[in-house]
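Biologist: I am new to this structure and would like to learn how to read it. Please take me through it feature by feature.

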Amino acid sequence: MKIDRRQFVSGAAIGAAALATPSLLRAQGAPIKIGEINSYTSQPAFLKPYRQGWELAQEQINAGGGVLGRKIETLFRDDAGKPEDSVRLAGELINAEKVDLLSGGFLSNVGLAIADYALQNKRLYVASEPLSDAIVWAKGNRYTFRLRPSTYMQAAMLVEEAAKLPAKKWAIVAPNYEYGQSAAKWFKELLKKARPDVEFVAEQFPALGRIDAGATVQAIEAAKPDAIFNVTFAADLANFVRQGNTRGLFEGRAVASMLTGEPEYLDPLGAEAPVGWIVTGYPQADIQTPDHVKFREAYRAKYNDYPRLGSVVGFDTMNAIAAGIAKAGTTENEKLVDALKGLKFTSAFGPVEFRASDHQATLGAYVGKTAVKNGKGVMVDWRYADGAKYLPSDAEVKALRPAG
């Protein structure tokens with residue numbers, strides 16, 4: 001059969017176009033895929049609201065046309081609180097599912113494992129929740145960014161109030177893993193700097209999720225501290241509070257407590273919630289800033305429920321990723337990483353930026369005191385602590401982040 005030159009050229013062009021179609025479709029209309037890894041079964045109190053906040057943001061973004069003309073699709077995976085599972089899942093998401101980036105992480109040891117995977121494989125990881133400072137400082141890397149205010153930042157917020165107390169003898173109780181150890185380290189260092197006259201007379205580090213609250217309370221009481229710094233959360237916090245109330249540990253003693261003002265942890269205590277503790281948290285019903293009101297109303301409309309702090313973190317992480325992709329103009333990995341450095345976006349708490357020097361976001365937290373109203377724990381006398389004010393300078397970060 002005779003084929004003239006025009007037919008051959010035309011056929012070759014059609015064949016080339018057919019071969020290019022998959023990448024062309026991906027660029028123009030295939031969904032942007034995010035691999036989200038979290039401890040859904042081991043930390044449901046925080047992570048159910050987190051996923052709802054994430055899905056609300058994704059729904060809003062997609063309803064507005066997506067990003068770069070493409071819808072966002074999230075592939076959720078459960079690491080069950082195990083670092084080794086998180087690394088395996090990260091590999092599956094990158095290699096089998098071909099996701100454009102990784103996100104998530106709740107426990108600090110899990111977040112560090114995913115961050116190391118991101119470094120080794122040179123893939124973007126937006127850490128939403130893990131609070132360890134090592135994620136952005138000691139083990140910080142080009143490919144990892146973190147949204148939530150860290151242990152350093154929240155310790156600094158609490159120290160600002162703790163330093164005003166007359167207490168000189170302090171005790172510490174914290175879960176025995178990266179988050180608890182980091183929080184205890186920074187609280188001690190920052191409080192000693194603000195108040196050289198204080199001393200730490202007792203330290204208890206119970207296993208995460210397995211606190212022997214009676215023995216822990218007894219050991220702290222034996223040291224006769226003037227005040228206590230608490231880092232326990234979830235079921236460990238509830239057990240510690242109940243045993244402390246029963247044994248009179250908190251009577252006449254000040255307590256500074258990380259995360260305790262979050263509804264996830266305060267609500268289950270009901271009328272047993274502590275009174276007068278200095279806490280970081282989220283007084284969701286009382287925050288009337290425009291960005292938060294808009295978020296809260298949308299969340300209530302979708303879920304017929306009020307948001308928890310996890311809801312905010314999920315919502316903000318999704319919006320931060322979308323803003324980064326829009327700034328980059330592509331999902332190409334290295335360009336997306338560059339776009340996140342110095343990225344400015346709007347959170348449920350207002351304007352936020354990922355610092356170029358250490359990839360830490362300037363999202364803040366609310367600081368106040370606990371109280372009981374109508375049989376429920378609440379935050380009172382609160383203020384918003386802007387995260388940017390509780391971070392070391394770029395010059396100081398150079399020493400904290402050896403990898404640069």
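**Reading the fold**

Modeller: Strand β6, helix α6 (residues 178-194) and strand β7 (residues 199-204) make a right-handed β-α-β unit. Right-handed means that, with the strands pointing away from the viewer, the path from the first strand over the helix to the second runs clockwise. Helices (H or I, at least four residues) and strands (E, at least two) are DSSP runs, numbered from the N terminus.

Biologist: What should I know about the model itself?

Modeller: It is a predicted model, in which local features need pLDDT of at least 70 and side-chain atom pairs count only at pLDDT 80 or more, while totals for chains, interfaces and linings use all residues. Residues are numbered from 1 along each chain as its sequence is written, and side-chain values use heavy atoms, with hydrogens and water left out.

Biologist: With which strands does β6 pair?

Modeller: Two strands pair if DSSP finds at least two bridges between them. β6 pairs with β7 in the parallel sense over five bridges, and Trp 170 has Phe 200 in β7 as its bridge partner. β6 also pairs in the parallel sense with β8 (residues 227-230), over four bridges. There, Ala 171 stands opposite Ile 228.

Biologist: Why is β6 described as largely enclosed by the rest of the structure?

Modeller: Buried means under 20% relative accessible area, exposed over 50%, and partly exposed in between (1.4 Å probe, protein chains only). Four of the five residues of β6 (residues 169-173) are buried, so the strand is largely enclosed.

Biologist: How do I check the length of a helix such as α3?

Modeller: The expected span is 1.5 Å times one less than the number of residues. For the 13 residues of α3 (residues 83-95) that gives 18 Å, and the end C-alpha atoms are 18 Å apart, which agrees. Among the buried residues of α3 are Asp 85, Leu 89 and Ile 94. The buried residues of α3 pack against β1, β2 (72-78), β3 (101-104) and α4 (108-121).

Biologist: Is Gln 43 buried or exposed?

Modeller: Gln 43 is buried, with a relative accessible area of 12%. Gln 43 lies in the loop between β1 (32-38) and α2 (44-63). Contact means heavy atoms within 4.5 Å; not counting residues up to four places away in sequence, Gln 43 touches Phe 106, Leu 107, Phe 233 and Ala 234.

Biologist: How many helices and strands are there in the protein chain?

Modeller: The protein chain has 13 helices and 14 strands. Of its 404 residues, 56% are buried.
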